[in-house]
Amino acid sequence: MVSSGCALMVLMVTQVFFRGSSGLVPQIGRSSLSQDVLHAFELRLLSMFGLKHRPSPSRSAVVPQYMMDLYSMHSVNAEQNNNNRPKGSLGKASERSASRANTIRSFHHDEFLEDLSSLSGKTTQRFLFNLTSIPGEELVTSAELRIFREQVVSNGSEGFHRINIHEIIKPSGSFQEPITRLLDTRLVQHSLSKWESFDVSPAVTRWTADGHPNHGFVVEIVHPDRAEEDSKRHIRISRSLHDREDKWPQMRPLLVTYCHDGKGNVLHSREKRQVRTNKQRKKHKANCRRHSLYVDFSDVGWNDWIVAPPGYHAFYCQGECPFPLADHLNSTNHAIVQTLVNSVNSNIPRACCVPTDLSPVSLLYLDEYERVILKNYQDMVVEGCGCR
């Protein structure tokens, strides 16, 4: 049985999101909504988020800290969290990538396809990421492969390792090595622990936009023979190389794609909105204005797959558009004329109180495949109301 509070919340959310859709929203005053109606509402809302089914993530689902940091930096509704973000946790390359995207997706590799090998002087690991969940209408503007490396503590720790990232053009056959091409390379120092980011945009673009087969990446770690065992284990490329199983979920390699679906603003377009106040006198408080409406995702049972924010202030518009229309009602010329005609002909309706200014909300959530997505959704918050 659906609680009346949940039903009311779904009704209010639907009225905000689907204003003007006749026949979709039940009349206000119904004391309860059927399961079928609530299910239809949920499907419409999920469709707005680009989801076919309601995500049901398992308890083992992992939200990478990097995605949380990206949310804090780029979210239009998380300004207060930015001061708590560790300095330097995100590089300038990430900021440039996000400046061309409104959707960021993260992927973990398929571990059951792991192909780890060690030769004299180097360690190689094949990574295969399933990117089929990226919608065809999204353009991948850039992509990065992130690998964590830990400090190597040994005599003469001023040494270096080289990390090479290759795209597999043609996988290995019975008697031949795979055909690869170098995408990015980095000379890294033993004495530092940090995430390394590699540009793999050309490969991901070939797979998603150009339709080339995705055979994955090869990560190659070139190390001095004298430190082979230490250097092999300080780069977190395989669960089997590390004893600390509890650290692997947050330290495993991560592929991050920056995409744009052709709708709305990019993620870095975040500005502090000024709180608007209604300056009309008390006798006008029934007139068209913005009212408070907080959407709490836990009330609609979505807090298990929406990671952040826990909810947001959506607001809504309600009130009269009386004749004559005052300046503070933010009216169009057409609304003024319509209200004037209504004053002499009641068959013509008054102008309606509607949102005139809307702003986006950034959501961090798990999709149906337990992949973490950060997306900027347009027209989610009412910033201003007027008679139209």
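**Close-up 1. Pairing of strand 4 with strand 9 in the predicted model.** In this predicted model, leucine 139 has histidine 260 as its bridge partner in strand 9. Strand 4 (residues 139-149) and strand 9 run antiparallel and are joined by seven bridges, where strands are DSSP runs (E, at least two residues) numbered from the N terminus and two strands pair if DSSP finds at least two bridges between them.

**Close-up 2. Pairing of strand 1 with strand 9.** Strand 1 (residues 103-107) is likewise antiparallel to strand 9, to which five bridges join it. Within strand 9, cysteine 259 is the bridge partner of threonine 103.

**Close-up 3. Burial of strand 9.** Strand 9 (residues 254-260) is largely enclosed by the rest of the structure, because seven of its seven residues are buried, that is, under 20% relative accessible area with a 1.4 Å probe, protein chains only. Leu254, Val256, Tyr258 and His260 point one way from the strand, whereas Leu255, Thr257 and Cys259 point the other way.

**Close-up 4. The largest nonpolar core and another core.** A nonpolar core is a set of buried Ala, Val, Leu, Ile, Met, Phe, Trp, Tyr and Cys residues joined through side-chain atoms within 4.5 Å. The largest has 32 residues, of which Phe49, Trp302, Trp305, Tyr312 and Tyr365 touch the most other members. Strand 16 (372-387) is one of the elements that supply at least two residues of this core, and strand 16 gives the most, with seven residues. Another core, of 25 residues, lies apart from it and includes Val140, Ile165, Phe217 and Ile237.

**Notes.** Residues are numbered from 1 along each chain as its sequence is written, and side-chain values use heavy atoms, with hydrogens and water left out. Local features need pLDDT of at least 70 and side-chain atom pairs count only at pLDDT 80 or more, whereas totals for chains, interfaces and linings use all residues.

Conventions
Buried < 20%, exposed > 50% of the residue type's maximum accessible area, 1.4 Å probe, protein only. Helix = DSSP H or I, 4+ residues; strand = E, 2+ residues; numbered from the N terminus.
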